[in-house]
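User: I'd like to learn how to read a few features of a chain. Could you walk me through this one?

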Amino acid sequence: MGLILRNFSFMAGTLLGIYVAQNYDVPDVKTLANQALTTAKQLEERYRAGAICYLQTECILWMVPYYI
């Protein structure tokens, strides 16, 4: 009896997830994560310190002196 009660929330969540995935249009998490990663890389390249970007595709890094 203890095994079923301990794992009830896990089993209920699994069954609910299966139901939602079959009956509703759930977005693909892997695709969303790849899009977010690509956007983050583009933003990092665009706003990098000492970079000048032309046409959002070419970035030139200036030799900015680094002082400690």
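User: What share of the residues in the chain is buried?

Analyst: Start with the cut-off: a residue is called buried when its relative accessible area is under 20%. In this predicted model, buried residues make up 1% of the 68 residues in the chain. The accessible surface comes to about 6,800 Å², and carbon and sulfur atoms account for 65% of that area.

User: Which elements does the chain have, and in what order do they run from the N terminus on?

Analyst: There are three helices and two strands. Read from the N terminus, the order is α-α-α-β-β.

User: Among those elements, which has the lowest mean pLDDT and which the highest?

Analyst: Here pLDDT is the predictor's own confidence in each residue, from 0 to 100. Helix α2, residues 8-23, comes out highest with a mean of 93, while strand β2, residues 58-61, is lowest at 54. For the chain as a whole the average is 78, and 69% of the residues score at least 70.

User: Which residues form the nonpolar patch on the surface?

Analyst: I4, F8, F10 and M11 make it up, and together they have about 460 Å² of accessible area. Helix α2 gives the most to the patch, with three residues.

User: Take F10, then. Is F10 buried or exposed?

Analyst: Exposed means over 50% relative accessible area. F10, which lies in helix α2, has 61%, so this residue counts as exposed.

User: How many aromatic pairs does the structure hold, and how is such a pair described?

Analyst: In general, you describe two aromatic rings by the distance of their centres and the angle of their planes. This structure holds one aromatic pair. Y19 and Y24 form that pair, with 6.4 Å centre to centre and 75 degrees between the planes. Planes over 60 degrees apart count as edge-to-face, and that is the label for Y19 and Y24.

User: And what is the relative accessible area of Y19?

Analyst: Y19 has 45%. Partly exposed covers the range between buried and exposed, so Y19 is partly exposed.

Methods: Residues numbered from 1 in each chain as written. Predicted model: local features only at pLDDT ≥ 70, side-chain atom pairs only at ≥ 80, totals over all residues. Heavy atoms only, no water. Phe/Tyr/Trp six-rings, centres within 6.5 Å; stacked < 30°, edge-to-face > 60°. Buried < 20%, exposed > 50% of the residue type's maximum accessible area, 1.4 Å probe, protein only. Helix = DSSP H or I, 4+ residues; strand = E, 2+ residues; numbered from the N terminus. Areas by Shrake-Rupley, 256 points an atom, 1.4 Å probe, with all protein chains shown as cover. Patch = residues over 30% accessible without salt bridge, like charges linked within 9 Å, V, L, I, M, F, W, Y side chains within 5 Å. Salt bridge = Lys/Arg side-chain N within 4 Å of Asp/Glu carboxyl O.
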